Amino acid sequence: MRKTANQVLAEVAARHKLTVAQLVGPSRQYHYAHPRMEAYFEIYVQCPHMSLPAIGRLIGGRDHTSILSGLRRHCQRIGTTYEAIRRQTAYYTRPIKFERSVHVPATVDLYRQAASLERAA
C-alpha cells in the first residue's frame, strides 16, 4: 500500500527526533534543514504522483525551486543524482499512451507469424 505524504513526513521527523512542525517550519538550522531535505526526497520517491509545487505547499508553503534545490543537495549527499532519481520515478508517473488503432490480441499475432513462416518455407 502506498504511503501518504503526511505519513512520510511523520516517519522522517521521528527518525530525526523532531516534530512535524519543526520539520516543516521556517528554520534554516542544519539539524532542521537536512532532515527537511530528506523529507523532500522521501516524498518525491514514495509519492510519485505529487509534483514539486505540491510538495512545497505541504512542507511549509515553499516554492518548487526550493524543493528542487533540496532534492539535488540530498541526492549529492547520498551519492546519486537528481536526474537518476527522476528517471526512476518517471516510470510510475508517466501517462499511459493508447494507440488509436484497434488492439490485436496476442493469439492473432501468433497465427500471423506462423502463416508468414509457412509462406517463407
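pLDDT is the predictor's confidence in each residue, on a scale from 0 to 100. I noted that this is a predicted model, and I looked up that score before anything else. The protein averages a pLDDT of 82, and 73% of its residues score at least 70.

Entry: Over residues 96-102 the pLDDT stays under 50. For that stretch I found zero contacts beyond four places in sequence.

**Entry: overall fold.** I went through the secondary structure and counted seven helices and zero strands. Written from the N terminus on, the order of elements is α-α-α-α-α-α-α. I then looked up burial: of the 121 residues, 33% count as buried. For contacts, I took pairs of residues at least 6 apart in sequence; 52% of these contacts join residues at least 24 apart.

**Entry: cysteines.** How many disulfides does the model have? I found zero. For the record, a disulfide is a covalent bond between the sulfur atoms of two cysteines. I also looked up the exposure of two cysteines. Cys47 has 0% relative accessibility, so it counts as buried. Cys75 has 1% relative accessibility and therefore counts as buried too.

**Entry: Thr65.** I picked Thr65 and placed it in helix 5, which covers residues 64-78. I then checked what its side chain touches. It makes a polar contact with the side chain of Asp63, at 2.4 Å. I also took a C-alpha to C-alpha distance from Thr65 to Leu52: the two are 8.0 Å apart in space and 13 residues apart in sequence.

**Entry: largest pocket.** I looked for empty space next. Rolling a probe the size of a water molecule over the atoms shows where such space is left. The largest pocket holds about 240 Å³. Which residues line the largest pocket? I listed Pro26, Ser27, Arg28, Ala33, Arg36, Met37, Tyr40, Arg62, Ser66, Ser69, Gly70 and Arg73.

How values were computed. Residues are numbered from 1 along each chain as its sequence is written. This is a predicted model: local features need pLDDT of at least 70, side-chain atom pairs count only at pLDDT 80 or more; totals for chains, interfaces and linings use all residues. Side-chain values use heavy atoms; hydrogens and water are left out. Contact means heavy atoms within 4.5 Å. A disulfide is a pair of cysteine sulfur atoms within 2.5 Å. Buried means under 20% relative accessible area, exposed over 50%, partly exposed in between (1.4 Å probe, protein chains only). Helices (H or I, at least four residues) and strands (E, at least two) are DSSP runs, numbered from the N terminus. A polar contact is a pair of N or O atoms within 3.5 Å; within protein, one must be able to donate a hydrogen and the other to accept it, and residues adjacent in sequence count only if both atoms are side-chain atoms. On a 1 Å grid over the protein atoms alone, a cavity is a set of points where a 1.4 Å probe fits but cannot get out, and a pocket is an open set with protein on both sides within 12 Å along at least five of seven lines; lining residues have an atom within 4 Å of a point. Grid points are joined across faces, edges and corners, and a volume is the space filled by probe spheres set on the points.
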